[in-house]
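This report concerns a predicted model.

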Amino acid sequence: MAHNQFALLTQRRFLPFFLTQAFGAFNDNVYRQAIIGLLFYLGVSDEQRTLYTNLAPALFILPYFLFSATAGQIAEKLEKHKLIRITTTMEIAIMSLAAVGFLTQNMSILLVALFCTGLQSTLFGPVKYSILPSVLKPEELTGGNGLVEMGTSISILAGMIFGGLIFTLAGSHGPILAAVAIIALAVTGNIVSRLIPRADAGEPDLKINWNPIPESLKILRMTRRQPAVRNSILGVSWFWFVGTVLTSQLPGYAEDNLGGGPTLYIFALALFSIGTGVGSMLCEKLSARTVEIGLVPLGAFGMTAFMVDLYFAHPGLATAKGLDVSGFVHSQGAWRIMLDLVGIGVFAGFFVVPLFALIQNRSPKNELSRVIAGMNIQNAAFIVLAAVLGVVAQRFLHWTIPQVFLALAIANALVAIYIFTIVPEFLMRFLSWVLVRALYRLKVEGTQRIPDEGAALIVCNHVSYMDPLILSASVSRPMRFVMYYKIFKIPVMNWIFRTAKTIPIAGAKEDPEVLRRAMEEIEAALADGQLVGIFPEGALTKDGEIAAFKAGVERILEKNPVPVVPMALRGMWSSMWSKRDSRLRRMRVPRRFRAAVDVVADPPRDPHGLTAQSLEEQVRALRGDRA
C-alpha cells in the first residue's frame with residue numbers, strides 16, 4: 001500500500017494514466033499557442049487576431065455542450081482503458097489534420113482541428129476522473145486527484161510556454177516544427193496509454209441515447225441527486241469560473257498594472273499554476289489520506305483573502321513600462337504580488353481536489369462517468385459566463401482589472417457561504433478538521449474498511465466529549481452520532497449538534513418519548529444507507545476502562561441488521577477533556593495538549609449473532625492496553 005501520493009507514480013495502475021493525461025494537456029496548449037504564433041508569423045492584422053482569440057475558445061468549448069451527454073454514456077459503457085486508447089488515437093488523427101494546417105498555413109483547417117480537439121477532450125473528460133476510483137483505493141483518492149491536478153496545471157503551463165516559443169525560436173521553420181511537435185506528442189501519448197491496465201466499464205449494458213438534448217437534461221438531473229455531490233459539482237464549476245476570470249485578466253494585468261509584457265504574463269501564470277500544483281499536492285498530507293472536504297472552506301476563504309490582498313497590492317496603473325521578469329521582481333511590492341498569486345493557486349488546490357475526490361467517492365460507480373459528463377456541461381457554462389462577465393465588467397462597467405479581482409474575491413466568499421449554508425457538512429468537516437488537528441496528533445488506521453456506501457453501525461469506546469469530532473475527522477463519509485439528550489441541549493453547542501444531524505437519546509426511565517424518537521430516527525438513517533455512530537457504554541469513562549456495553553445496541557441491530565464496524569480510540573484518557581483529572585485541573589492549560597491519539601477500525605462484522613458483550617470484547621481487544 002502506498003504511503004503517499006508520490007508512490008503512485010511508481011505503480012503501473014496509475015503512472016501510465018497520469019502521463020497520458022499530462023501529455024494530452026501539454027499538447028493541447030502547445031497547439032493553441034502555436035496557432036497564435038502562426039498569426040504573428042503571418043503578420044495578420046489586429047482585427048484578425050482579435051477574431052481568432054474570440055473564436056478559438058468558443059470552438060474548443062462548443063463540443064462540451066454538444067457531446068458531453070454522449071461522451072458520458074460511452075465512458076460508462078466501454079472499458080475505460082480501451083476508451084482512453086481510442087481518444088489518444090483520435091488525437092493522432094486530429095493533430096495530423098492540424099499539421100496540414102500549419103504546413104499550408106491555412107487557418108480554416110487549424111480551426112476545424114481545434115473544434116475536433118475540443119471534441120476529443122469532451123470524450124476524454126468523463127473517463128479521466130471516473131477511472132481513478134477504479135484503480136485507486138478510497139484512501140488514495142485525494143492523493144491521486146492531487147497528482148492529476150498538479151500534472152494538469154504544470155502541463156498546461158509548460159505547453160503554453162513551449163507552444164509560444166516555437167515560432168520565436170524556429171522562425172521560418174516554425175510551421176514545420178509545430179507540425180512535427182504536435183504529432184510526436186500525440187503519438188507519445190497514445191503509446192503511453194497502451195500501458196494503462198484494464199479498468200472495467202461502469203455500466204456495460206447501458207443503452208446509449210444519441211439525442212444530446214434529453215440526455216443532457218438527464219445527466220444534469222443525475223448530478224443533483226445527492227446534495228453533497230450536487231454542491232461539490234457547483235464548487236468545481238465555480239473553480240473554473242474563478243480560474244477563467246483570473247487567467248483571462250492576467251495578460252492585461254501584467255501589461256497595464258505591472259508594467260510588463262508577454263514574458264511577465266507567463267511568469268504570473270506560472271506562479272498561479274505552480275501554487276495550484278503545490279496546493280493540490282498538499283491535500284493528501286493535510287487530509288491524512290481521507291476524502292477531507294473540511295479543506296474546501298479553508299480553500300475558499302484562503303482564495304478570497306489573497307484575491308483581496310492582490311487588489312490592495314497594486315490597485316493603480318504601472319508607472320514603468322516594458323519590464324521583464326527580472327525588472328519586475330526587483331520592483332517595489334513585487335514580492336507581495338507574487339505571494340498573492342501563489343497563495344490564490346495554493347488555496348485553489350485545497351478547494352478543488354477534495355471536491356473531485358468527494359464526487360468520485362459518493363457517486364454510484366455505474367453512474368460516475370455520466371455525473372462527470374454532467375459536471376463538464378456545467379463547467380463549460382461557467383467558463384462561458386466568466387468570459388462574458390469579464391468583458392461586461394471592463395467594457396461596459398469600466399472596471400479596472402484590480403477591481404475585477406476584488407469583485408471576484410467578494411463573489412467567491414458569497415458563493416462559498418451559500419454552498420456551506422445549504423450543505424453544512426462542508427463547514428462541519430472544516431470545524432472538526434481544524435479542532436482535531438490543532439488539539440491532537442491523530443493517527444488513523446483501518447478506516448478504509450468502512451463501507452464506501454450503504455448503511456453501517458459504528459460502535460466505539462467513549463472517553464471525552466471530543467470523541468464524535470475525532471471520529472468525524474477520521475472517516476471520509478458523514479456519520480450521524482447518537483448523543484445523550486442533555487448534552488444535545490447545551491446552548492450554542494445545540495446548533496452544532498443539530499447542524500451535524502446528531503440524534504439525541506435518553507434512557508427508557510428518563511424520557512421514553514425521546515428514546516422512541518431516537519430509535520425511529522436511527523432506523524430511518526440506516527434505512528437510508530447512512531452511517532450511524534454510537535457509544536454503547538452510554539457515558540464517558542470515569543477511570544479509563546471500557547464499561548459494559550448496554551443492550552440498546554442489540555435492539556438497534558434487531559430492527560436494522562446492518563454491518564457493524566468496531567472502532568476504538570487509543571490515548572484519549574491522557575488527553576484533554578477526559579475525566580482523568582478534576583474539573584479544576586482540566587480548566588488549566590493542560591500538559592496533554594497535542595496528545596497522540598489513535599483511531600483504529602476493524603473490518604465490518606455480520607450483525608447476526610452479535611451481542612452487546614461480544615461487541616464490547618471486540619472494541620476492548622482493538623483498543624488494547626492504551627487507554
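## Nonpolar surface patch

Leu62, Phe65, Leu66, Phe67, Val384, Val388, Val391, Val392, Phe396, Leu397 and Trp399 make up a nonpolar surface patch of about 890 Å². The largest share, 5 residues, is that of α15.

Tryptophan 399 is placed in the loop between α15 and α16 (401-422). The relative accessible area of tryptophan 399 is 36%, so this residue is partly exposed.

## Salt bridges in helix α21

Across the whole structure, 14 salt bridges are found. In one of them, arginine 517 pairs with glutamate 513, with 3.4 Å between the closest N and O atoms. Both residues belong to helix α21 (residues 512-527) and lie 4 residues apart, about one turn of the helix. Arginine 517 is partly exposed at 43% relative accessible area, and glutamate 513 is partly exposed at 35%.

Helix α21 also holds glutamate 520 and arginine 516, which are 4 residues apart and therefore separated by about one helical turn. These two residues form a salt bridge whose closest N and O atoms are 2.5 Å apart. Glutamate 520 is partly exposed, with 43% relative accessibility; arginine 516 is partly exposed, with 37%.

In helix α24 (residues 612-623), glutamate 616 and arginine 620 are 4 residues apart, about one turn of the helix. Their side chains meet in a salt bridge of 2.6 Å, N to O. Glutamate 616 is buried, with a relative accessible area of 13%, whereas arginine 620 is partly exposed at 30%.

A network of salt bridges links Glu79, Lys82, Arg198 and Asp200.

Methods
Residues numbered from 1 in each chain as written. Predicted model: local features only at pLDDT ≥ 70, side-chain atom pairs only at ≥ 80, totals over all residues. Heavy atoms only, no water. Patch = residues over 30% accessible without salt bridge, like charges linked within 9 Å, V, L, I, M, F, W, Y side chains within 5 Å. Areas by Shrake-Rupley, 256 points an atom, 1.4 Å probe, with all protein chains shown as cover. Salt bridge = Lys/Arg side-chain N within 4 Å of Asp/Glu carboxyl O. Helix = DSSP H or I, 4+ residues; strand = E, 2+ residues; numbered from the N terminus. Buried < 20%, exposed > 50% of the residue type's maximum accessible area, 1.4 Å probe, protein only.
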